[in-house]
Amino acid sequence: MSHQARTKNLLCILSAAIVLAFSANAVADDDEGAAEFKKLLKKNDCLKCHAFDKTKKGPSYKKIAAKYKGKEAEGEVKMYKNITLGQKVKLEDGKEEEHKIIDAKDEKEFKALIKWILTL
């Protein structure tokens with residue numbers, strides 16, 4: 001094998017290793033983020049009315065994400081208002097009640113939580 005071919009193979013292997021390293025870090029970050037978001041949801045009793053994949057008093061997070069698929073900006077605005085202003089929301093049984101205001105550190109945490117939910 002020529003020097004040029006060995007160099008090319010080495011560069012391919014190195015590139016693949018870099019991509020894998022970044023992918024592993026992204027997955028670890030996603031897992032850490034998910035754990036933090038789940039803690040925030042639990043702390044605020046969100047899981048009393050919502051579940052990840054089944055309907056309770058309120059829609060599942062997956063149902064919410066599906067509702068706003070392709071309309072994420074609209075979903076972000078609607079969800080932000082619900083969790084910060086305590087607006088009236090329609091429950092699965094057709095009744096309405098004020099949505100609980102989420103206790104978060106700052107606006108970035110609200111927005112990150114909303115974006116995460118919309119990816120489920």
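In what order do the elements of the protein run from the N terminus on? The answer is α-α-α-β-β-α. That comes to four helices and two strands. Helices here are DSSP runs of H or I with at least four residues, strands are runs of E with at least two, and both are numbered from the N terminus.

Some ground rules. This is a predicted model, where local features need pLDDT of at least 70 and side-chain atom pairs count only at pLDDT 80 or more, while totals for chains, interfaces and linings use all residues. Residues are numbered from 1 along each chain as its sequence is written, and side-chain values use heavy atoms, with hydrogens and water left out.

Now the whole chain. The protein has 120 residues, and 29% of them are buried. Buried means under 20% relative accessible area, exposed means over 50%, and partly exposed is in between, using a 1.4 Å probe and protein chains only. Next, contacts, meaning heavy atoms within 4.5 Å. Take those between residues at least 6 apart in sequence: 47% join residues at least 24 apart.

On to the core. In soluble globular proteins, nonpolar side chains tend to be buried together. A nonpolar core is a set of buried Ala, Val, Leu, Ile, Met, Phe, Trp, Tyr and Cys residues joined through side-chain atoms within 4.5 Å. Here the largest one has 18 residues, and L113 and W116 touch the most other members. α1 (3–43), α2, α3 and α4 each supply at least two residues of this core. The largest share, six residues, comes from α4. Look at L113. Leaving out residues up to four places away in sequence, L113 touches F37, L40 and L41.

Next, the loop between α1 and α2. N44 is found there. Is N44 buried or exposed? N44 counts as buried, because its relative accessibility is 3%. A polar atom of the N44 side chain lies 2.8 Å from the backbone nitrogen of D103. For a polar contact, the pair must be N or O atoms within 3.5 Å; within protein, one must be able to donate a hydrogen and the other to accept it, and residues adjacent in sequence count only if both atoms are side-chain atoms. Beyond its neighbours within four places in sequence, N44 is in contact with K100, I101, I102 and D103.

D45 sits in that loop between α1 and α2 too. D45 is partly exposed, at 49% relative accessible area. Its phi is near 60°, a positive value in a residue other than glycine.

H50 also lies in the loop between α1 and α2. H50 is buried, at 12%. Its side chain reaches the backbone oxygen of P59 at 2.7 Å.

H50 takes us to the largest pocket. A pocket is found on a 1 Å grid over the protein atoms alone: an open set of points where a 1.4 Å probe fits, with protein on both sides within 12 Å along at least five of seven lines, and lining residues have an atom within 4 Å of a point. This pocket holds about 770 Å³ of space. Its lining has 32 residues, and H50, P59, N82, V89 and H99 lie nearest the centre. α2 (61–67), α3 (72–85), β1 (88–90), β2 (96–98) and α4 (107–118) each supply at least two lining residues.

Last stop: E96, in strand β2. E96 counts as exposed, because its relative accessibility is 52%.

How values were computed
Grid points are joined across faces, edges and corners, and a volume is the space filled by probe spheres set on the points.
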